[in-house]
Amino acid sequence: GLGQAEMYAGLQELGVANGEDLKETLTNCTEPLKAIEQFQTENGVLLPSLQYALPFLDLHGTPRLEFHQSVFDELREKLLERVSAIALEGKVEERYKKLEDLLEKSFSLVKMPSIQPVVMCVMKHLPKVPEKKLKLVMADKDLYKACAVEVKRQIWQDNQALFGDEVSPLLKQYILEKENILFSNDISFLQNFFSPSPKTRRQGEVVQKLTQMIGKNVKLYDMVLQFLRTLFLRTRNVHYCTLRAELLMSLHDLEISEICTVDPCHKFTWCLDACIREKFVDNKRARELQGFLDGVKKGQEQVLGDLSMILCDPFAINTLALSTIRHLQDLVGQDTLPRESPDLLLLLRMLSLGQGAWDMIDSQVFKEPKMEAELITRFLPLLMSFVVDDHTFTVDQKLPSEEKGPIPYPSTIPEAFTKFLQENRIACEIGLYYILHITKQRNKNAFLRLLPALVETFSDLAFSDIFLHLLTGNLTLLSDEFALEEFCTSLFDGFFLTACSRKENVHRHVLRLLLHLHHKVAPAKLESLQKALEPTKQSGEAVKELYNQLSEKLELRKPSPAEVTETPSMELPLPTVPTPASR
């Protein structure tokens with residue numbers, strides 16, 4: 001704690017007696033009681049009516065300290081109210097002059113716990129606290145802690161490192177929260193990573209705290225964006241892109257025009273936010289978004305770096321990809337080619353801008369990535385042919401078969417499809433979303449047909465957390481298929497286990513899935529999976545923990561020995577034997 005002397009040091013500067021003075025008076029006097037009385041008179045509350053009231057309080061056993069303390073608290077409340085009022089009245093220059101004078105007078109007492117709130121309140125209402133005072137506050141940990149955020153902003157805006165120290169733990173927390181959702185043990189196709197609305201997400205603790213820290217300060221907002229860009233470059237973690245959009249929209253919700261009007265992405269992000277809310281880009285909004293992209297002027301191309309980061313947000317990619325799949329299905333029905341649909345081309349343009357964010361910010365070359373013609377002329381028609389295969393198969397199943405026997409579902413994949421998934425990022429993203437789509441439709445045939453193409457994909461996208469999180473959720477819709485050896489072999493041996501040993505996250509997702517569906521899996525298959533998924537020395541805590549949870553569940557499922565041995569069929573009733581206690 002503070003030494004008494006240091007705490008009250010400021011009183012002498014103001015000509016107010018303190019404990020040291022009393023000590024001195026008493027040391028150098030002949031009649032201590034008289035000296036005390038005189039000290040009380042000189043330093044007490046100077047109200048004539050109190051002369052008679054204080055002895056009355058003494059009679060009631062109320063200590064003088066208690067009385068002075070309550071008077072003091074009352075006065076402090078009044079002073080705090082007055083400071084807040086001064087901050088709002090009269091001409092701007094005059095009110096700030098009054099506050100600055102007050103700060104000058106009171107700052108020497110800032111260490112006194114009883115006075116500190118008043119000094120802090122004065123500083124809070126000053127748009128520009130004198131540099132000297134800010135430096136003193138910054139140099140003292142306790143004072144800095146006690147400061148209002150309004151004062152801290154003034155300190156931060158010229159001290160990027162200090163601001164970074166405050167923001168850094170929040171950004172770590174944000175990324176952790178996102179990862180916890182992706183790896184959550186609750187698996188469901190109804191509730192997933194993308195379920196919460198943008199409005200709900202912006203209420204999250206980190207976004208709210210950052211919004212509060214930034215206030216209306218453009219300089220601090222720019223600093224946070226700079227941190228996010230740097231971290232995105234350093235880690236390639238796309239959740240930083242989500243936070244970039246959420247922060248802007250949180251300031252938008254609060255109508256902080258000081259910032260929204262200077263962020264060139266504001267209107268684009270606002271429009272995209274509405275699409276994300278609907279999980280679909282409708283025609284009207286598509287036009288609007290296209291207008292923003294076409295409106296990027298010569299010399300302002302740098303804004304593409306920001307727009308690409310907004311489009312790289314997984315929530316944006318999810319919306320664009322779902323809209324693309326819906327468009328493709330419509331085109332099949334209309335007998336139209338992808339290249340004839342401007343809406344589809346715009347979705348692809350935004351997808352490639354989003355997917356190119358990292359390269360653009362890294363290279364600082366701000367131009368839209370070139371769209372590969374083959375994506376539109378070959379890959380998308382391929383996906384459409386899969387949709388047609390499904391229609392044909394369904395119709396065939398319903399036709400009366402004449403001797404020819406049932407028509408088998410096409411089992412081979414065109415080589416071009418596999419190649420596209422390996423070599424083209426946008427094709428891969430759309431291909432993965434198509435696979436999620438057929439899984440959600442419980443289309444087992446189509447799923448098993450395309451699954452082999454996922455073993456090798458562009459930059460291992462099929463083993464990314466977001467895709468595996470969505471896939472495991474959708475697979476719960478096919479839970480009855482897990483009883484079939486063929487299905488399990490294709491899914492586990494053919495896909496998941498090919499990456500488990502080299503990718504810890506895949507190991508975690510498989511264990512999550514089995515924790516959820518183990519009771520559906522054929523016992524023999526389950527046993528071999530349990531062996532295959534055993535953690536190694538290199539495995540992290542999360543994998544070990546999940547594996548232990550699974551083992552416990554499986555242990556509980558094992559039938560007791562009594563159930564296994566069959567009762568011999570004999571006419572005579574057997575004497576009942578107590579069964580051995582099941583493990």
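The following is a conversation about a predicted model of a protein chain and the rules behind its labels.

Colleague: What should I know about the numbering and the model first?

Modeller: Residues are numbered from 1 along each chain as its sequence is written, and side-chain values use heavy atoms, with hydrogens and water left out. The model is predicted: local features need pLDDT of at least 70 and side-chain atom pairs count only at pLDDT 80 or more, while totals for chains, interfaces and linings use all residues.

Colleague: How many helices and strands are in the protein chain?

Modeller: There are 32 helices and zero strands. Helices (H or I, at least four residues) and strands (E, at least two) are DSSP runs, numbered from the N terminus.

Colleague: Why is Arg202 called buried?

Modeller: Buried means under 20% relative accessible area, exposed over 50%, and partly exposed in between (1.4 Å probe, protein chains only). Arg202 has a relative accessible area of 4%, so Arg202 is buried. By this rule, 44% of the 583 residues of the protein chain count as buried.

Colleague: Where is Arg202, and what does Arg202 touch?

Modeller: Arg202 is in helix α12 (residues 198-202). Contact means heavy atoms within 4.5 Å. Not counting residues up to four places away in sequence, Arg202 touches Val207, Gln208, Glu246, Met249, Ser250, Asp253 and Asp273.

Colleague: What makes the pair Arg202 and Asp253 a polar contact?

Modeller: A polar contact is a pair of N or O atoms within 3.5 Å; within protein, one must be able to donate a hydrogen and the other to accept it, and residues adjacent in sequence count only if both atoms are side-chain atoms. The side chains of Arg202 and Asp253 are joined by such a contact at 2.7 Å.

Colleague: Why does Asn237 count as buried?

Modeller: Asn237 has 16% relative accessibility, so Asn237 counts as buried. Asn237 lies in the loop between α14 (218-235) and α15 (239-253). The side chain of Asn237 reaches the backbone nitrogen of His239 at 3.0 Å. Leaving aside neighbours within four places in sequence, Asn237 is in contact with Ile175, Glu179 and Phe232.

Colleague: Why is Gln441 called partly exposed?

Modeller: The relative accessible area of Gln441 is 47%, so Gln441 is partly exposed. Gln441 is in the loop between α25 (425-440) and α26.

Colleague: What makes Lys219 and Asp158 a salt bridge?

Modeller: A salt bridge is a side-chain nitrogen of Lys or Arg within 4 Å of a carboxyl oxygen of Asp or Glu. The N to O distance between the side chains of Lys219 and Asp158 is 3.1 Å. Lys219 lies in helix α14 and Asp158 in the loop between α10 (149-156) and α11, so the pair ties together parts that are 61 residues apart in sequence.

Colleague: How do you know that Lys216 forms a salt bridge with Glu258?

Modeller: The closest N and O atoms of Lys216 and Glu258 are 3.8 Å apart. Lys216 is in the loop between α13 (205-214) and α14, and Glu258 is in helix α16 (residues 257-260), 42 residues apart. Lys216 counts as exposed at 51% relative accessibility, whereas Glu258 is partly exposed at 36%. By the salt-bridge rule the count comes to 24.

Colleague: How do you know that the length of helix α11 agrees with its number of residues?

Modeller: The expected span of a helix is 1.5 Å times one less than its number of residues. The 23 residues of helix α11 (residues 160-182) should span 33 Å and the end C-alpha atoms are 32 Å apart, so the two agree.

Colleague: Where does α11 bend?

Modeller: The bend at a residue is the angle between axes fitted to the seven residues ending there and the seven starting there. In α11 this angle is about 30° at Val167, and a proline, Pro169, follows within four residues. Helix α28 (residues 485-500) bends by about 30° at Phe492.

Colleague: Which residues touch the most other members of the largest nonpolar core?

Modeller: A nonpolar core is a set of buried Ala, Val, Leu, Ile, Met, Phe, Trp, Tyr and Cys residues joined through side-chain atoms within 4.5 Å. The largest has 158 residues, and Leu491 and Phe496 touch the most other members. Both are among the buried residues of α28.
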